[in-house]
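Dear colleague,

I am handing over the structure below for your attention.

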Amino acid sequence: MQYSLPTNQPDAMTTNNSQHKTNISKAPTGISMGLIDCHICGTVWQGAKDGDQCGRCESRLYQRKPNHINRTWALLIASFLMYLPANLLPIMVTKSIIGIQNSTIMGGVLYFIASGEWALAIIIFAASFLVPLFKLITLTFLLILAQKRSTWRLKERAKLYRVIEAVGRWSMLDVFVVCILAGIVQLSNFSQVIAGPGVLAFAAVVILTMLATLSFDPRVTWDNANHQQDGKQ
Amino acid sequence: MQALPNLILCEECDSLYQKPDALKGHIVHCDCCGAEIERYAQKDHYILPLTIASLLMFVVANSMPIAQLRIQGLQSQSTLIGSVLSLTAHGDWLFALMVLATTFVFPLIQLCLLLYISVHMHRQDNHVAEPLPYLNNVMRIMHSLKPWNMIEVFMLSVIVAIIKLAGSATLILGPAVWAFVALTILLSLVLSFNQHSLWHLELEPLKPDAFKQ
């Protein structure tokens, strides 16, 4: 069989140092050409249906991530629910001869501000408070815009998605700190650190938002743009 | 169903492109959304030694104590596994399991698979051309584990924990701290190459006949 596809020429692609063109090019898309690419090995298939197996690496092919809107909403709502206990419950309990001391996420930040460690206070504040909140708000925002078929600032939205994809993991910082302290500070009755109930809720927020980010399909954002451009012509 | 080996789709906006010529060390971005489409490894032959170095550092990081704490004759020290075990001692099983998975089990699996792939690539450099058994499964596991390997976050946590303790007690840093720093650097180097590029290495060459179903 012969296939002739109107594709972009290689010179239309930019290498890492050159500037991106500002206008949104009307590049042919996989969905408009009836092509599906394998998300594991990147092979492009013609005539494949959703759920078919990739002939090269045997993973399932999907035009778009299956059920992405519902899945992302479910995971997002779950992480919103865990967000309050994560921030209000103590993540770490310190038992010492002075007494029992509970510390929350913000307590850790305040501790470092009080002891003058500004750099650390900022790192922990960013990783544990700003990043999860930013992720939750941004993903909700992206999801609503995708559902409304908005074509507003597509490129910036694509960038935002890449940012939340990259920074999400760093929120685990405080979770690991609690784990390390619980391991090292075991001086029987003198001083002992135990994980608090908040740490599990906090870890759940991080993992659920990471899963939500993974289940969101950024291609849907662009589908709407291409769809509307086609409609105008 | 037929494969179109000279085409490529952007993973983030579905734009269709002709596969660009492989330029070593180049990263190709999508013209439409700016996402990275292809990354061509500059130094394939460094992957095997880097993987072996990472595995050695992994062993050091997990067998040596992270830090030792001394207060008035009392002392305690811990490794990563020791910390996880002390969590289970207080019944935090779910939490312990999560830490163990993201900082120990997943990175270890990734490193072992990477060793498996890179040994094969090394053999191929020496003109032993044969398909890699289980490449499909290996690639799928590598792909799904990628977001969940959190060694670099753990390294930063070690530093934060040390600073937190340093003010209140005598703290002796263990060799594991440096091993974690080294492991983070090695892992970021070794995992930065594109997973797709492994398919370009023709571990399993594209045969047109194989794609007709």
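A residue is called buried here if 20 or more other C-beta atoms lie within 10 Å of its own. Please note that the model is a predicted one.

By that criterion, helix H6 of chain B has several buried residues: Ala176(B), Ala179(B), Phe180(B), Leu183(B), Thr184(B), Leu186(B), Leu187(B) and Val190(B). The helix runs over residues 175-190, 16 residues in total. From its first C-alpha to its last it reaches 22 Å, close to the 22 Å expected at 1.5 Å a residue.

In chain A, Val131(A) belongs to helix H4, residues 118-147. Val131(A) counts as buried because 20 other C-beta atoms lie within 10 Å. Leaving aside residues up to four places away in sequence, Val131(A) touches Ala126(A), Val167(A), Trp170(A) and Ser171(A). The C-alpha atom of Val131(A) is also separated by 6.8 Å from that of Gly168(A), although the two residues are 37 apart along the chain.

As to the contact between the chains, 75 residues of chain A and 68 residues of chain B take part. On the side of chain A that touches chain B, the largest share, nine residues, is supplied by helix H6 of chain A, residues 173-184. The residues of that side of chain A comprise 42 nonpolar, 22 polar and 11 charged.

With kind regards

How values were computed. Residues are numbered from 1 along each chain as its sequence is written. Chains are lettered from A and ligands numbered from 1 in the order in which they are written. This is a predicted model: local features need pLDDT of at least 70, side-chain atom pairs count only at pLDDT 80 or more; totals for chains, interfaces and linings use all residues. Helices (H or I, at least four residues) and strands (E, at least two) are DSSP runs, numbered from the N terminus. The expected span of a helix is 1.5 Å times one less than its number of residues. A residue is buried if 20 or more other C-beta atoms lie within 10 Å of its own, exposed if 12 or fewer, and partly exposed in between; C-beta atoms are placed from the backbone. Two residues are in contact if their C-beta atoms, placed from the backbone, lie within 7 Å. Ala, Val, Leu, Ile, Met, Phe, Trp, Tyr, Cys and Pro count as nonpolar, Asp, Glu, Lys and Arg as charged, and the others, Gly among them, as polar.
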